[in-house]
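Okay, thanks everyone, let me get the picture up on the screen. I'll take a few minutes on the sheet, the helices against it, and the aromatic rings.

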Amino acid sequence: MRLIREPSVMQRLARRWQRQGIRVAFVPTMGYLHEGHLSLIRVARRHAGARGIVVVSIYVNPTQFGPREDFTRYPRDLQRDLNLCRSEGVNVVFAPDDEAMYPGLHQGRYSTYVVEEKLSAIMEGASRPGHFRGVTTIVAKLFHLVLPDVAVFGAKDWQQAAIIRRMVADLNFPVRIVVAPTVRESDGLAMSSRNTYLDPEERRQATVLFRALQYARQRVRQGPVPATQLRRAVARLVAAEPLARLDYVAFFDSETLEPVREVRAGTHMALAVFIGRTRLIDNARL
Ligand code: AMP
């Protein structure tokens, strides 16, 4: 396994693979890898084939964090991540630093961004202004450096995957986007690098996101429910946990992300909940 830190080195290697007709499957991450990430790596290997290349990027992207968010305290452990990647048979880990990815960012010299204007306005985008501008920008940059045939994203970040699909279609990236299922802890909590922020009591209450999804799924099994009514019920369920505060819950079409008035089996639900200071998200098709 090779560790690359320089964007120019990554791109030169990717161009060589392209000339040689080698398939490249790519998994972008912010590191502090868990089973969710590893499942994407396994999907990437299936798409690359035994003779193809799997590239994992590990980069905590500063432009997708708001000024009051957790960029500086986001967990990082490159050595541990490298060991996990090696044991999964990853070929290349690309782990650049901020100055390499965004020359002059903090001096105000970096000034080009990729902006998706529609899907980015709702849910996570409404709660975290500028977040998706950072995501689409870094993913576009990484695609230019890694030149993947396939890129694998997690269903855990459903809206993000939809926005990346939109960007790839709108900007003609020759990349196939694959979305892999959410990996959960045994009590249903979606795996996330941010779960490490939770103390034991917060960790217990954090299952409320999964319980809210399960509850909504049960409700719509019995027939359609008005979104306003289901939203109130979910808000009550979340409010029953003293450390939890609902940021939003949304009911929408899985593909278009268009909100629905009537929630039924097959409608998508997403929610964001603060557990103490930690903001967690989850989603599922009901
Ligand atoms: P992150 O490192 O949190 O930016 O995530 C990198 C990729 O892993 C994204 O495509 C996420 O959607 C995906 N991912 C994160 N957590 C999970 C999970 N629990 N199950 C599946 N994919 C995940």
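One cut-off before anything else: I call a residue buried when its relative accessible area is under 20%. And keep in mind that this is a predicted model. With that cut-off, Tyr102 counts as buried, because its relative accessibility is 0%. We'll come back to Tyr102 when we get to the rings.

So, the sheet. It's open, it has 6 strands, and the order runs β1-β4-β3-β2-β5-β6 with parallel pairing. Which strands stand at the edges? Those are β1, residues 2-4, and β6, residues 176-180; each has a single partner strand, so one side of each has no neighbour in the sheet. On average, neighbouring strands are turned by 25° against each other, ignoring direction.

Over at the β6 end, β5, which covers residues 150-154, pairs with β6 in the parallel sense over 5 bridges. If you want a spot to look at there, Val150 stands opposite Arg176 in β6.

Now the helices. Helix α3, residues 78-87, packs on the sheet and touches β1, β3 (53-58) and β4 (92-94). The direction of α3 makes about 165° with that of β3. Helix α6, residues 131-146, packs on the sheet too, with contacts to β2 (24-29), β3, β4, β5 and β6. For α6, the angle with the direction of β2 is about 145°.

Let me zoom in on α3, where we find Leu82. Is Leu82 buried or exposed? Buried, since the relative accessibility is 6%. Leaving aside residues up to four places away in sequence, Leu82 touches Met1, Leu3 and Val93. Take Leu3: Leu82 is 79 residues away from Leu3 in sequence, yet their C-alphas are 8.3 Å apart in space.

On to the rings. There are 6 aromatic pairs. One of them is Phe65 with Tyr74: centres 5.9 Å apart and planes at 75°, so that's edge-to-face. Phe65 and Tyr74 are both buried. Then there's Tyr102 again, edge-to-face with Tyr110, at 4.9 Å centre to centre and 85° between the planes. Tyr110 is buried as well, with a relative accessible area of 15%. Phe26, Phe143 and Phe173 make up one aromatic cluster.

Last stop, charges over rings. Arg76 has its charged end over the ring of Phe71, 5.0 Å from the centre. And Arg80 has its charged end over the ring of Tyr32, 4.8 Å from the centre.

That's my tour, thanks.

Terms used. Residues numbered from 1 in each chain as written. Predicted model: local features only at pLDDT ≥ 70, side-chain atom pairs only at ≥ 80, totals over all residues. Heavy atoms only, no water. Pairing = 2+ DSSP bridges. Helix = DSSP H or I, 4+ residues; strand = E, 2+ residues; numbered from the N terminus. Axes fitted to C-alpha atoms, helices over the stretch in contact; angles between N-to-C directions. Contact = heavy atoms within 4.5 Å. Buried < 20%, exposed > 50% of the residue type's maximum accessible area, 1.4 Å probe, protein only. Phe/Tyr/Trp six-rings, centres within 6.5 Å; stacked < 30°, edge-to-face > 60°. Lys NZ or Arg CZ within 6 Å of the ring centre and 35° of its normal.
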